[in-house]
Amino acid sequence: MRIEIPREVERFGPIMFHDVQKVYELDAGLKHARNESKPKEKSVIRRLSYESLQEIQEQMCIIVPIRNEKIKLIEGVLCGIPHHCQVIIVSNSDRAPIDRYHIEKDALEHVCKFMKKNVIIVHQKDPKLREACEKSGYKFLLNEEGEIKNGKAEGMILSTFLAFLSGKKYIGFIDSDNYFPGAVHEYVQEYCAGFHTSKSDYSMVRIAWHSKPKIVESNLFFAKRGRVSEHTNKILNALISSFTGYGTEIIKTGNAGEHAMTMDLAINLDYSSGYSIEPYHYINMLERFGGILDNPIPAVLKQGIEIFQIESRNPHLHEVKGEEHVESMSMEAMEVIYRSPLCSPSLKQEILEDIYHRGLLAEGKKIQETLTYYPAIVNANLKVFQDVIKNEPYAELLQVDLSNYKHSKASGLQRDLVKGKKINLPESTPKLEAK
Ligand code: GDD
Ligand code: MG
């Protein structure tokens with residue numbers, strides 16, 4: 001791959017937000033490619049050889065969350081994931097009246113024989129996984145009936161436990177409803193490119209789609225950004241600006257469903273429910289590590305967190321799930337920013353105006369608290385989790401050696417820890433652009 005270095009970097013305490021990076025060549029050859037001139041010291045374009053990307057793939061788990069998607073679509077997604085990655089599918093597909101999960105599992109296991117892929121497939125409501133959450137001290141994922149809750153975020157958190165137990169160093173997420181296997185392949189390569197250039201054990205790569213094709217008046221139109229992310233990005237940037245005093249547009253991936261993290265970062269972040277999980281990554285990183293509140297992990301202060309935003313070349317085409325779905329996703333993003341202890345009263349007002357203006361909430365109404373927060377998974381005893389599932393058929397590849405593992409005392413949610421503490425919030429927030 002040939003990729004530009006980030007043009008800008010915005011710093012917030014130890015967090016480095018890198019600007020969007022453009023990819024100039026998807027495949028730039030092997031390590032010792034012929035005709036390749038020696039890298040120039042100050043080149044703004046980096047060539048990443050196939051081998052360097054493969055090295056990262058070998059240490060990466062790719063999580064595919066599924067809920068009642070078409071099997072043909074999922075098959076395409078699997079086909080696009082580079083061979084060396086460990087794939088973990090967490091499905092929350094229906095079990096009754098038709099057992100869609102059973103059909104899905106059967107079909108995917110069959111096709112994986114042809115792909116020679118070793119895929120771990122689990123159901124979100126698997127009773128052993130439920131028991132593992134309970135016994136390891138991570139009941140947060142369970143509902144009143146004692147089952148693991150529905151939701152994409154909940155599936156992702158559960159799969160982060162499994163990815164940790166696989167012993168891999170990186171975890172990446174790919175939605176299962178992507179129509180282009182080529183796009184899936186590209187996203188994973190871009191995750192690898194980000195990690196290859198990262199200098200910190202705490203880093204994250206988020207994909208900024210180049211375009212999203214739509215039919216407009218019988219023609220194909222390649223929209224640049226999704227409608228939800230446009231608003232999420234604007235508010236997240238306003239939050240950063242309110243502390244730095246400088247306007248910024250650095251965040252362009254507020255809702256990035258396609259993202260990857262080092263495992264060290266993934267197990268240390270708090271999460272939030274549903275589709276607010278991706279904007280909350282930003283919020284929680286600022287809350288935990290931004291330097292305004294206490295920083296619970298000294299190593300993060302030392303190494304810093306690096307966030308890469310990489311612009312993909314393939315268009316992003318996925319299942320259309322309706323207007324209501326898009327609106328509720330946007331409301332969730334707004335709620336999670338609004339509820340942050342870092343959100344100043346003036347930014348709260350800006351958020352309200354934005355959602356009133358878009359008709360997502362009736363004028364004068366308050367934002368309802370619909371989201372749940374989940375503490376970082378280091379709060380769970382991961383050895384106990386492993387012991388509970390160790391004899392399950394899917395656990396064969398989840399046997400990382402934890403004999404030296406020490407469970408540190410659970411610290412709970414960062415946002416609860418700061419309750420009652422004095423936070424110096426900015427008095428004013430730069431006004432968002434005119435609507
Ligand atoms: N395991 C599991 N459990 N998976 C789920 C669940 C669940 O309860 N609900 C949805 N999924 C799966 C879907 O099958 C799909 O593969 C993926 O999660 C994303 O869900 P979509 O419903 O397709 O979301 P979207 O396309 O509207 O939004 C995506 O893109 C946004 C913008 O990038 C998501 O990835 C969002 O999180 C993201 O913000
Ligand atoms: Mg989708």
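**Close-up views of the predicted model**

View 1. A backbone N or O atom of asparagine 255 sits 2.6 Å from an oxygen atom of ligand 1. Taken alone, ligand 1 exposes 740 Å², and the protein buries 93% of that. The model shown here and in the other views is predicted.

**View 2. The shell around ligand 1.** There are 22 residues around ligand 1, and those that come nearest are Glu69, Ser176, Asn255, Lys321 and His325. By class, the shell comprises six nonpolar, nine polar and seven charged residues. Strand S5 (60-66) supplies at least two of the shell residues, as does helix H11 (323-338).

**View 3. Lysine 152 in helix H5.** Lysine 152 belongs to helix H5 (residues 152-165). Its relative accessibility is 15%, so lysine 152 counts as buried, the cut-off being under 20%. Leaving aside residues up to four places away in sequence, lysine 152 touches Pro65, Asp175, Gly257, Tyr275 and Glu278.

**View 4. Helix H2 and its cover.** Buried residues in helix H2 (residues 71-80) are Leu73, Ile74, Gly76, Val77, Leu78 and Gly80. The elements that cover them include strands S5 and S6 (86-91), together with helices H3 (100-115) and H6 (181-197).

View 5. Arginine 2 and glutamate 25 form a salt bridge through their side chains, with an N to O distance of 2.8 Å. This pair links distant parts of the chain, since arginine 2 lies in strand S1 (residues 2-4) and glutamate 25 in strand S3 (residues 15-25), 23 residues apart. Both partners are partly exposed, arginine 2 with a relative accessible area of 23% and glutamate 25 with 33%. A further salt bridge joins glutamate 4 to arginine 7 at 3.0 Å, N to O. Here glutamate 4 is buried, at 7% relative accessible area, whereas arginine 7 is exposed, at 63%.

View 6. The closest N and O atoms of arginine 130 and glutamate 134 are 2.8 Å apart, in a salt bridge. The two residues are separated by about one helical turn because they stand four residues apart in helix H4 (residues 127-135). An α-helix has 3.6 residues a turn, so residues three or four places apart point the same way. Arginine 130 is partly exposed at 25% relative accessibility, and glutamate 134 is partly exposed at 33%. Lys128, Glu131 and Lys135 are linked in a salt-bridge network.

Notes. Residues numbered from 1 in each chain as written. Chains lettered and ligands numbered in written order. Predicted model: local features only at pLDDT ≥ 70, side-chain atom pairs only at ≥ 80, totals over all residues. Heavy atoms only, no water. Buried < 20%, exposed > 50% of the residue type's maximum accessible area, 1.4 Å probe, protein only. Contact = heavy atoms within 4.5 Å. Near = heavy atom within 4 Å. Polar contact = N/O pair within 3.5 Å; in protein donor to acceptor, adjacent residues only side chain to side chain. Areas by Shrake-Rupley, 256 points an atom, 1.4 Å probe, with all protein chains shown as cover. Nonpolar A, V, L, I, M, F, W, Y, C, P; charged D, E, K, R; others polar. Salt bridge = Lys/Arg side-chain N within 4 Å of Asp/Glu carboxyl O.
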